[in-house]
Amino acid sequence: MAETSTRGNDVFLPWIARIEDVRDETPDTKTFTLRFRDPEVMREFEYAPGQFVELSVFGLGEAPFCVASSPTRAGNFQTTVRRTGQLTDALHLLGCGDEVGIRGPFGNGFDVTAAAGKDLLFVAGGIGLPPLRSLIWNILDERSRFGRVTILYGARTPTDLVYKYELKEWERRDDIEFLLTVDRSEPGWEGNVGMVPILFEKTTLRPESTLAYVCGPPIMIKFVVQDLLMRGFRDETVISTLERMMQCGIGKCNHCAIGHRYVCRDGPVFNFRQIRELVE
Amino acid sequence: MAMAQQASAITKAGALEWLGRLMEQAEVIAPVAGFGGDTVFSPLRSPAQIRWDFENPLHPPKQTLLPQTDPIVSIQRDGDCYEVLPIYDESPRVLFNIRSCDVKGIAFLERMHAADPPDASYLRRAERTAAISLSCVAPCASCFCICTDSGPFLRESYDIQLTDLGEDLFVEVGSKKGEALLAGSQDLFRAATEPELERRRELEESARRRFGEETCHFASAMRRISTGRVAEALWAKMSDWCLECGGCNLICPTCYCFSVKDRGSDGRLVRCRMWDSCQYPAFTLEASGHNPREQRKDRMKRRFFHKVSAQYYMRDGAIGCVGCGRCVKVCMGTTDMPAVVAAIRKGSWRG
């Protein structure tokens, strides 16, 4: 029985999704591949990179997670989750075939059309890569529509890097530039050591033709954005995605409000000029 | 004049009869004597329980429409599978003898929940709830509804508005829902007379005069809050007096911020919408440990921005305050709406 026919348009009612695959990324982070139980719901599930879903672990409630997979790859979707509280602890205990609830997608997402023809710079820190990964794969799957692509990624240690299997692929590709760094080295690491901004010295920035996408912990975003602005990027060309404790996803519960803007509806993607205007 | 055409009157004895008939069709929630003599809104067990002369209860009737813990989704587990179904409460209810400010509070909540995307769980309950207000002929000392366009008498938003004339009640019908409440009880009502209409006008005028000549400070506070021209030091000073109890939010007729939590045990779970308070530090706490409003002054700023800023006024068409004065009564730290608004206007805080 199609679930679509039996429900109203209740804003709080999740769709049931099954876990298809679980992949360990780091000791505390896993990537879950999900597919809606109802094939019709799966077919109709359209999202933009940068949008998020409210994921239910039944019995514990729901929490917002960005979709980490690219909309260019239909059939299922992924989210990458760090274990950091009750709900994520419980989610990490689930395995293939287990069911969760999904509401969404919510938020504005990245404007892929506006990126066409532009040079693109991605700057990610730690667990900040998943939302950018959605956009990165979207762009790599339609590579010819975009200019130069540069990806700069840093994590605390080599162990904390997510999508290690894909990073290798990005390193091998000759149609993108990919640079990696870690804050602290570990035995066997031969790459760069230092915070993400050190990578700016190792690449050629072209502020006049580039859109920069920045995501990571708040302190990393702060320093990277400052650096980019000093290097000639304009506020409008520096784009980030904000994190807030979004509970409803529809601009009603007020947990994510900044002034009269709602990160869940007006965001989570904002350019830096918009971020400056987010005041109360 | 519309009012004169529609207005009718009923004796208080007749009103109790009417109340009895309403109780056969719906749950009637009205002011009654609670433990210790306080007046509280509670479902009536008999018409005689109802109070006609009372100070507005500390808890507004918003709990009828927006319960503190409100089941919204039923989650049933069957082996490895889950089934989810929306929970709708469509029981008929009548709020009887609520005050003008609370009617305006309900209108505020209705607007917010009907805004895109509409929230069916709230709206379906609200659709089946009617409000009969009792206009305020003797406003309480802490009230300032005259500053917020929400009393002491109403011009709109009510289903039925009653005015206590002594022996009789003056009755104005304001909506289709109100008309439906009179259907079947027309035998109890008679047309209002010209002197009764005149008496109602006098009562409204004298109620208005009781507020004195105080000028409302909201406009100047709104200008400053909306343009970020309230000194950080002033917020810090005021918030030093806030005890973070969240009482102001819980008793406010227009506060609706919520969290979503699952309750129940493994086989039968219920997802609930639960009141939350923007004054609690954990309101914005993220799983990572990052808290964008860690400081108390930022949380207080948030509360007043949401209630008084022009940005929200433009969105909602009203400020988030109905002048009921409950925060004045409940706040142990004196950071209630009139005190903060006055401090912002003056640019200083004395506690």
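**Exercise 1.** Through how many residues does a hairpin join E1(A) to E2(A)?

*Solution.* Start from the source: this is a predicted model, in which local features need pLDDT of at least 70, side-chain atom pairs count only at pLDDT 80 or more, and totals for chains, interfaces and linings use all residues. Residues are numbered from 1 along each chain as its sequence is written, while chains are lettered from A and ligands numbered from 1 in the order in which they are written. Helices (H or I, at least four residues) and strands (E, at least two) are DSSP runs, numbered from the N terminus, and two strands pair if DSSP finds at least two bridges between them. Strand E1 (residues 15-26) of chain A and strand E2 (residues 29-36) of chain A run antiparallel and are joined by eight bridges, with Ile19(A) opposite Leu34(A) in E2(A). The hairpin between E1(A) and E2(A) passes through two residues.

**Exercise 2.** Find the sense in which E1(A) and E6(A) pair, and a bridge partner.

*Solution.* The pairing of E1(A) with E6(A) is antiparallel, over four bridges. Within E6(A), Glu99(A) is the bridge partner of Arg18(A).

**Exercise 3.** How many residues does the contact take from chain A and from chain B?

*Solution.* Two residues are in contact if their C-beta atoms, placed from the backbone, lie within 7 Å. The contact takes 34 residues from chain A and 38 residues from chain B. On the side of chain A that touches chain B, strand E4 (61-66) and strand E6 (99-106) of chain A each supply at least two residues.
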